[in-house]
Amino acid sequence: MADEKERLQEIAPPPMAMLAEVTHRCPLACPYCSNPLELKAAAQELSTEEWADAFRQAAELGVLHLHLSGGEPASRRDIVELVSAAQEADLYTNLITSGIGINEKRLDAMVDAGLKHIQLSIQGVDEETADLVGGYKGGYKRKLQLAEWIGARGIPLTVNAVCHRTNMASIPEMIELALTLGAGRLEIATVQFHGWAIENRSQLMPTREQVEATTQLVEDERKRLEGKLVIDYVPADYYATYPKACLGGWGRIGINVDPTGRVLPCHAAESIPSLEFENIREKNLHDIWYHSSSFNAFRGTDWMQEPCRSCDRRLVDFGGCRCQAMAIAGDANAADPACHKSPLKDKMVEMANTAANSGDKIEFVYRGR
Ligand code: SF4
Ligand code: FES
């Protein structure tokens, strides 16, 4: 038994987190949504019992944190039962929500069922911008209302803000808004170009100057707000020297389960055509985590090509983002083109510059519409 444990540990440590995309349904239509272009229909979604079983399997496998996400997870009528099932499995449950579809009664029911933390997305710092980006009139006001209810109940709150060319100038206001809403943490993530964001690349791509100014601003604000607000920041890496260690390394930390039960190493992994994904309806999570071809595809370093294979940073950034390598290099085994050692770095910067300087007219392609 001990040998078996050691052998599995060599393949990968147990996962820490599960991102459960319980539905793709969402009242918002953000133009950078990370959901795939082909959204799954409600009729294909896992049932309450199937999700409850997935949570039990996750806990047995070693998962500690469950992120209930979507789409909008509150679009599921059984969201309270899902929280309850997660609590029974002894998972620390976080709800990632747009705030739409949650009234006070529902919030209380989720808290009573064991919800521990809420991440609330904001699409802008004023009503007009937020509702324009989210594609949902009245959304901003409802988010403010929900934040107030959350604060009144003392539930830890993180505000999530995706930043892009059209809102990067308002990051100081976003920080103030997060403080006003009573958040203990603000997550500022620069838009990742997968799924719907690719459709809107020319509207969303930040300029090099914006990225540099934002990085400096976040650094200064972290110092100023130490002890008051934690700021997590995912910078854009198109103009950087090195890529980000996407996912903390493929198949090392987390599991994504899509609304239909397909288990993915990354929410954008479908963009890599050579991968095949298993379904929790057909196989148990333990086998998928340790033995599936998709999770093992980019574990370790054997899959790497040069320049990653002999690079000192190969266990620091794990060769960067596999989905970005696929999107720009057309090869998921290549070095992430964000890396200065990649032969495609110049092409990537040129692509980013072209998109970032393509004018200020906003004509979003909204998700699902
Ligand atoms: Fe990372 Fe590969 Fe670049 Fe080295 S060559 S820094 S491992 S992406
Ligand atoms: Fe899939 Fe980076 S987004 S590996």
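Visitor: Hi! I clicked on Val-125. Is that residue buried, partly exposed or exposed?
Guide: Val-125 counts as partly exposed, because it has 19 C-beta neighbours inside 10 Å, and a residue needs 20 or more to be called buried. Keep in mind that this is a predicted model.

Visitor: Okay, and where does Val-125 lie?
Guide: You'll find Val-125 in the loop between strand E4 and helix H5, which covers 127-134.

Visitor: Which residues is it in contact with, leaving aside its neighbours within four places in sequence?
Guide: With those set aside, Val-125 is in contact with Ser-170, Glu-173, Met-174 and Leu-177.

Visitor: How far apart are Val-125 and Glu-38 in space?
Guide: From C-alpha to C-alpha they are 30 Å apart, and in sequence 87 residues separate them.

Visitor: Let's zoom out. How many helices and strands does the chain have?
Guide: The chain has 14 helices and ten strands.

Visitor: And what do the strands form?
Guide: Ten strands make up an open sheet with mixed pairing. Reading across, the order is E7-E6-E5-E4-E3-E2-E1-E8-E9-E10.

Visitor: Which ones are the edge strands?
Guide: Those are E7 (230-234) and E10 (278-279), each of which pairs on one side only.

Visitor: How does E3 pair with E2?
Guide: E2 (residues 65-69) and E3 pair in the parallel sense, over four bridges. One place to look is Leu-66, whose bridge partner in E3 is Thr-93.

Visitor: And what about E3 and E4?
Guide: E3 and E4 (residues 117-122) also run parallel, and four bridges join them. Look for Leu-95, which stands opposite Ile-118 in E4.

Visitor: How does the chain cross from E3 to E4?
Guide: It passes through helix H4, residues 104-113, in a right-handed β-α-β crossover.

Visitor: Which helix sits in the unit with E2 and E3?
Guide: That is helix H3 (residues 79-88), and together E2, H3 and E3 make a right-handed β-α-β unit.

Visitor: How many residues of H3 are buried?
Guide: Seven of its ten residues are buried, so to speak a mostly covered helix. The buried ones are Ile-79, Val-80, Leu-82, Val-83, Ser-84, Ala-85 and Ala-86.

Visitor: What do they pack against?
Guide: The buried residues of H3 pack against helix H2 (48-61), E2, E3 and H4.

Visitor: And what follows H3?
Guide: Asp-90 follows H3, and its phi is positive, near 70°.

Visitor: New topic: which residues come nearest to ligand 1?
Guide: Of the 14 residues around ligand 1, the nearest are Pro-307, Cys-308, Cys-311, Arg-313 and Cys-339.

Visitor: What classes of residue are in that shell?
Guide: The shell around ligand 1 has seven nonpolar, five charged and two polar residues.

Conventions. Residues are numbered from 1 along each chain as its sequence is written. Chains are lettered from A and ligands numbered from 1 in the order in which they are written. This is a predicted model: local features need pLDDT of at least 70, side-chain atom pairs count only at pLDDT 80 or more; totals for chains, interfaces and linings use all residues. A residue is near a molecule or strand if its C-beta atom, placed from the backbone, lies within 6 Å of it. Ala, Val, Leu, Ile, Met, Phe, Trp, Tyr, Cys and Pro count as nonpolar, Asp, Glu, Lys and Arg as charged, and the others, Gly among them, as polar. Helices (H or I, at least four residues) and strands (E, at least two) are DSSP runs, numbered from the N terminus. Two strands pair if DSSP finds at least two bridges between them. A crossover is right-handed if, with the strands pointing away from the viewer, the path from the first strand over the helix to the second runs clockwise. A residue is buried if 20 or more other C-beta atoms lie within 10 Å of its own, exposed if 12 or fewer, and partly exposed in between; C-beta atoms are placed from the backbone. Two residues are in contact if their C-beta atoms, placed from the backbone, lie within 7 Å.
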